[in-house]
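Opening the notebook on a new chain today. I'll go from the overall fold down to single residues.

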Amino acid sequence: MPHKHDVPRPPARLILTTPEHLIAFGFGSGLAPVAPGTFGTLVGIPFYFALSWLPWQAYVIAVALLFVFGCWVCGTSARLLQVHDYPGFVFDEIVGFLIACAAFLPALGGPAWHPAVQILAAFVLFRVFDIAKPWPIRVIDRHVHGGFGIMFDDAVAGLFAGAALWGLGQVI
């Protein structure tokens, strides 16, 4: 498969009419001409609001199921486009953001900040880890392929952001 930056941008009509592409592209947010990952992460906010009402165990299960589903849908979309981890694939950002937000689950003893502060902090820290890709995120991004690879580096970025949020909550 060609590298993600070596392929032309797929037409919006293709992305918006194929269910696998529609979901992998974050319901169209991955079509943003700049910073598609940031726009995709924004789509994670309504997902968080919908899931945050669940008991913590159900939240964790729902996010795990979304991760597994994302492996399939992003892998399928990559195969259809014949490109690995196209920049417009942002379902992984949605799930990574939800993983970061798990730091606020009361069962984990996370910070009980105002919801707007929680979302902003999770958004910023997740984007920092997703963009900077510190070790081992960069290694995963470069060497783990397929749908699992597309999802896994963002899941680890979400874990890093969640750990940082949890740690901040312990000192603030």
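**Entry 1: overall fold**

I read the elements from the N terminus on, and they run α-α-α-α-α-α-α-α. The tally is 8 helices and 0 strands; helices (H or I, at least four residues) and strands (E, at least two) are DSSP runs, numbered from the N terminus. The radius of gyration is 16 Å, close to the 16 Å from the globule rule for 172 residues, so the protein is as compact as a globular protein of that length. That radius is taken over C-alpha atoms, and the rule is 2.2 Å times the number of residues to the power 0.38.

Before going on, a note on provenance: this is a predicted model, where local features need pLDDT of at least 70 and side-chain atom pairs count only at pLDDT 80 or more, while totals for chains, interfaces and linings use all residues. Residues are numbered from 1 along each chain as its sequence is written, and side-chain values use heavy atoms, with hydrogens and water left out.

I also boxed the C-alpha atoms along the principal axes and got roughly 45 × 30 × 25 Å.

How much of the protein is buried? I find 52% of the 172 residues, where buried means under 20% relative accessible area, exposed over 50%, and partly exposed in between (1.4 Å probe, protein chains only). Next I took contacts (heavy atoms within 4.5 Å). Among those between residues at least 6 apart in sequence, 73% join residues at least 24 apart. The accessible surface comes to about 8,400 Å², and 74% of that belongs to carbon and sulfur atoms; the areas come from the Shrake-Rupley method with a 1.4 Å probe, and for residues only the protein chains shown count as cover.

I checked the length of α3 (residues 36-51) first: at 1.5 Å a residue its 16 residues should span 22 Å, and the end C-alpha atoms are 23 Å apart, which agrees. The expected span is 1.5 Å times one less than the number of residues. Buried positions in α3 include P36, G40, V43, G44 and Y48. An α-helix has 3.6 residues a turn, so residues three or four places apart point the same way. The buried residues of α3 pack against α4 (56-81), α5 (91-101) and α6 (115-132).

Then α6: 18 residues should span 26 Å, and the end C-alpha atoms are 25 Å apart, in agreement. Its buried residues include F123, F126 and F129, but also R127 and D130. Which helices do the buried residues of α6 pack against? They meet α3, α5, α7 (137-143) and α8 (146-171).

Most residues other than glycine have a negative phi, and most peptide bonds are trans. I went looking for exceptions.

- A35, in the loop between α2 (19-24) and α3, has a positive phi near 50°. A35 is partly exposed, at 40% relative accessible area.
- Q82 sits in the loop between α4 and α5 and has a positive phi of about 60°. Q82 is exposed, at 54%.
- The W135 to P136 peptide bond is cis, with omega near 5°, and P136 is in the loop between α6 and α7.
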